[in-house]
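Student: I am new to this structure. Could we go through it together, one term at a time?

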Amino acid sequence: MHRIISTLIHAAFLLVVAAIGPAHSADPRFEGVWMIAGVSVAPWVDPESPIIDTHESDYIGKIVRIGADSIEGPKVMACDETQFSVEELPFASLFEGGLGNDPKNAGDADNATRAATLAVSLGFTAEPVATLTSGCSEILFHLENSDTILFGLDNRIYTMKRQ
């Protein structure tokens, strides 16, 4: 239920961002050429209910170009023209709050300590984490450091490296 509410809040936020005045450019920290270099199973996935096919090969090794008002790359994230927004998120809000979810006990409320531990294990060193959203994709790009971005898709966490 929490994930549905979180998704609805995120969608409402994107609508508000899209309705506000002139287009916003991507944050310079995100702009550039990136390669999707790796993938791992998201920590919120129940190991007893594995995901069979996530089409990882459609993404690994692919180039993503984040420009001032566009994203070129695999179709799920590509945008010819968009508005960007950058939010500074705590660890517990990364991956739509997924890091705080215990796959063994989905009914538990989010756990900030679990989220922080998992965020650090993924390579994040400090919060808040700069997170890029666009007006034409639901993918959130979390800036781990100046050369690494992580994003979640289909219960996987993908790593992009600056080229």
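Student: Where does Glu81 lie?

Tutor: Glu81 is in the loop between strand 3 (71–72) and strand 4 (84–89). Strands (E, at least two residues) and helices (H or I, at least four) are DSSP runs, numbered from the N terminus. This is a predicted model: local features need pLDDT of at least 70, side-chain atom pairs count only at pLDDT 80 or more, and totals for chains, interfaces and linings use all residues. Residues are numbered from 1 along each chain as its sequence is written, and side-chain values use heavy atoms, with hydrogens and water left out.

Student: Why is Glu81 called exposed?

Tutor: Its relative accessible area is 67%. Exposed means over 50%, buried under 20%, and partly exposed in between (1.4 Å probe, protein chains only). Therefore Glu81 counts as exposed.

Student: Which residues form a negative surface patch?

Tutor: Asp69, Glu72, Asp80 and Glu81 form it. Patch residues have over 30% relative accessible area and no salt bridge; like charges are joined within 9 Å, nonpolar side chains (Val, Leu, Ile, Met, Phe, Trp, Tyr) within 5 Å. Asp and Glu count as negative, so the patch is called negative.

Student: What makes Arg156 and Glu56 a salt bridge?

Tutor: Their side chains meet at 2.7 Å, N to O. A salt bridge needs a side-chain nitrogen of Lys or Arg within 4 Å of a carboxyl oxygen of Asp or Glu. So the pair qualifies. Arg156 lies in strand 8 and Glu56 in the loop between strand 1 and strand 2 (63–66), so the pair ties together parts that are 100 residues apart in sequence.

Student: Is Arg156 buried or exposed?

Tutor: Arg156 is buried, at 8% relative accessibility. Glu56 has 27%, so it is partly exposed.

Student: How many salt bridges does the whole structure hold?

Tutor: A search finds 4. One of them joins Arg29 and Asp27, with the closest N and O atoms 2.8 Å apart. Asp27, Arg29 and Glu88 are linked in a network of salt bridges. Asp27 is buried at 17%, whereas Arg29 is partly exposed at 36%.

Student: What makes Asp147 and Arg162 a salt bridge?

Tutor: Their closest N and O atoms are 3.6 Å apart. That is within the 4 Å limit, so the pair counts. Asp147 sits in the loop between strand 6 (137–145) and strand 7, and Arg162 in strand 8, 15 residues apart.

Student: How do you know that Thr131 is buried?

Tutor: Its relative accessible area is 0%. The value is under 20%, so Thr131 is buried. Thr131 lies in strand 5 (residues 129–134). A polar atom of its side chain is 3.2 Å from the backbone oxygen of Val129.

Student: Why is Phe95 called buried?

Tutor: Phe95 has 6% relative accessibility, under the 20% limit, so it counts as buried. Phe95 lies in the loop between strand 4 and helix 2. Its phi is positive, about 55 degrees, although Phe95 is not a glycine.

Student: What is the peptide bond from Glu127 to Pro128?

Tutor: The bond is cis, with omega near 5 degrees. Pro128 is in the loop between helix 2 (112–122) and strand 5.

Notes. Areas by Shrake-Rupley, 256 points an atom, 1.4 Å probe, with all protein chains shown as cover. Charge placed at Lys NZ, Arg CZ, Asp CG, Glu CD. Polar contact = N/O pair within 3.5 Å; in protein donor to acceptor, adjacent residues only side chain to side chain.
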